[in-house]
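Subject: Structure for you to look at

Hi,

Here is the structure I promised to pass on. Have a look at it first, and then read my notes below.

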Amino acid sequence: MEQSISLKDNFLKGVIKENPVFVLLLGCCPTLGVTSSAVNGLGMGAATAFVLVMSNLAIALVKNVIPDKVRIPAFIVIIAAFVTVVQLLMAAYTPALNEQLGLFIPLIVVNCIVLGRAEAFASRNTAVASMIDGLGMGVGFTFALLLLGTIRELLGSLSVFGYKLVDADGILIFVLAPGAFITLGFIIATMKWLKNRENIKSH
Amino acid sequence: MQYLIIIISTIFINNIVLAKFLGICPFLGVSKNTSTAVGMGAAVVFVMTLSTIMTYLVQHYILLPLGIAYMQTVTYILVIAFLVQVVEIILKKVSPDLYQALGVYLPLITTNCTILGVAILVIQNNFNLLQSVVFAIGNSVGFTLAIALFSSIREQLDDADLPEYMEGIPAALITASILSMAFMGFAGLV
């Protein structure tokens with residue numbers, strides 16, 4: 001029983017308390033680059049989550065075989081292998097999404113969340129715990145991208161998941177580059193504001 | 001003329017940080033003061049130009065003849081990691097001064113997505129070797145320009161009286177947004 005509680009906490013920490021994007025500020029490039037719509041954000045999040053889970057699992061399994069000195073290059077090769085798998089799968093089954101996300105799929109290799117979890121968690125925990133950690137972080141990342149994508153799509157083109165709500169033009173700037181920065185800025189500010197208020201209340 | 005267009009469009013119109021969203025991590029992380037920002041920029045110019053030449057040669061003389069272009073991601077990241085190590089060792093021996101200036105930034109560059117991003121973009125755009133080099137120089141100079149401008153604004157921002165929840169990253173992101181809007185003004189230049 002105790003095991004399942006700790007697994008649950010392990011999963012939830014990635015989603016909320018240590019959310020990779022909003023709290024740890026990792027992996028900002030895809031966060032800003034692909035979130036012009038909710039669907040893109042979801043697709044990118046799912047691809048990254050897959051790589052996170054699989055690479056965490058693989059690294060946790062081989063961690064005792066890898067000499068400490070070449071650990072980082074070895075991790076990168078493992079991650080790159082899973083990214084290649086995702087690249088080929090997406091090119092085959094979701095060509096339209098693949099086209100939209102473009103360069104950001106191969107760039108999952110250098111997403112600091114993936115290498116960060118490999119180094120900070122998978123290299124010193126069991127396979128199951130590492131998978132759960134990867135899943136939590138992946139879900140947290142997907143949630144962040146989905147939130148950002150939804151807000152930007154709503155403000156920028158007045159639609160949700162591609163369905164137009166009102167037949168009018170949105171605020172175009174939100175689907176362009178500056179909109180990404182400003183939306184993420186205000187989301188993080190809101191999170192900090194909520195946290196401050198909680199702290200004041202509890203005192 | 002064609003090279004001039006590549007340079008102008010990569011530095012101003014399609015700025016790698018402000019329009020293409022590559023290299024956001026160093027852009028936010030290493031921009032607290034101008035001198036470190038410029039140091040990081042210089043290291044990126046150096047490594048990006050070299051790595052683009054290397055990956056171009058690897059693509060055209062190893063991966064394509066062998067028919068293993070799908071190994072692109074794995075190979076490129078290894079080439080870049082290897083190159084960064086070699087550059088570090090050579091700089092230490094040949095030019096200790098330059099090593100002093102760039103040394104701390106070099107290990108960070110392996111996971112800087114601008115380097116891998118530009119290496120892949122060059123192949124996607126079907127550039128020849130000279131175009132690739134010009135493209136790499138333009139993009140890395142664009143990165144340096146963006147991070148240098150941003151850091152000088154952030155230095156001023158430290159003195160501003162902001163609400164507590166806006167301090168730090170939120171204010172920096174909103175600044176980046178305004179900078180990005182300013183760069184949109186260059187659209188239509190070529």
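A definition before the interface: I call two residues in contact if their C-beta atoms, placed from the backbone, lie within 7 Å. This is a predicted model, in which local features need pLDDT of at least 70 and side-chain atom pairs count only at pLDDT 80 or more, while totals for chains, interfaces and linings use all residues. Residues are numbered from 1 along each chain as its sequence is written, with chains lettered from A and ligands numbered from 1 in the order in which they are written.

**Where the chains meet**

On that contact definition, 31 residues of chain B touch 33 residues of chain A. Helices H2 (24-29), H4, H7 (113-124) and H9 (169-184) of chain B each supply at least two residues of the side that touches chain A. H9(B) gives the most to that side, with nine residues. By type, the chain B side divides into 25 nonpolar, five polar and one charged. Here Ala, Val, Leu, Ile, Met, Phe, Trp, Tyr, Cys and Pro count as nonpolar, Asp, Glu, Lys and Arg as charged, and the others, Gly among them, as polar.

**Chain A**

Chain A comes to eight helices and two strands, in the order α-α-α-α-α-α-α-β-β-α from the N terminus. The radius of gyration of chain A is 18 Å, close to the 17 Å that the globule rule gives for 203 residues, so chain A is as compact as a globular protein of that length. (That radius is taken over C-alpha atoms, and the rule is 2.2 Å times the number of residues to the power 0.38. Helices, H or I with at least four residues, and strands, E with at least two, are DSSP runs numbered from the N terminus.) The C-alpha atoms of chain A fill a box of roughly 60 × 55 × 30 Å along the principal axes.

Of the 203 residues of chain A, 49% count as buried. Buried stands for 20 or more other C-beta atoms within 10 Å of a residue's own, exposed for 12 or fewer, and partly exposed for in between, with C-beta atoms placed from the backbone. Among chain A contacts between residues at least 6 apart in sequence, 75% join residues at least 24 apart.

On confidence, the mean pLDDT of chain A is 86, and 97% of its residues reach 70 or more; pLDDT is the predictor's confidence in each residue, from 0 to 100. The lowest stretch in chain A is helix H1 (residues 2-15), at a mean of 70, and the highest is H3(A), at 91.

At 1.5 Å a residue, the 23 residues of H4(A) (residues 71-93) should span 33 Å, and the end C-alpha atoms are 33 Å apart, which agrees. The expected span is 1.5 Å times one less than the number of residues. Buried residues of H4(A) include A:Phe75, A:Ile79, A:Phe82 and A:Val86. The buried residues of this helix pack against H3 (38-62) and H6 (112-120) of chain A, together with H4 (72-94) of chain B.

The largest nonpolar core has 109 residues, and those with the most contacts inside it are A:Cys29, A:Val51, A:Ile79, A:Leu107, A:Val109, B:Ile24 and B:Leu116. Such a core is a set of buried Ala, Val, Leu, Ile, Met, Phe, Trp, Tyr and Cys residues joined through C-beta atoms within 7 Å. Leaving aside neighbours within four places in sequence, A:Val51 is in contact with A:Ile79, A:Phe82, A:Val83, A:Val86, A:Ile108 and A:Val114.

**Chain B**

Chain B has nine helices and zero strands. The radius of gyration of chain B is 18 Å, close to the 16 Å that the globule rule gives for 190 residues, so chain B too is as compact as a globular protein of that length. Of the 190 residues of chain B, 42% count as buried.

**A few loop residues**

B:Phe21 has a positive phi of about 60° although it is not a glycine. This residue sits in the loop between H1 (2-13) and H2 of chain B, and B:Phe21 is buried, with 25 other C-beta atoms within 10 Å. B:Asn126 also has a positive phi, of about 55°, without being a glycine. B:Asn126 lies in the loop between H7 and H8 (129-157) of chain B and counts as exposed, with 8 C-beta neighbours inside 10 Å.

Cheers
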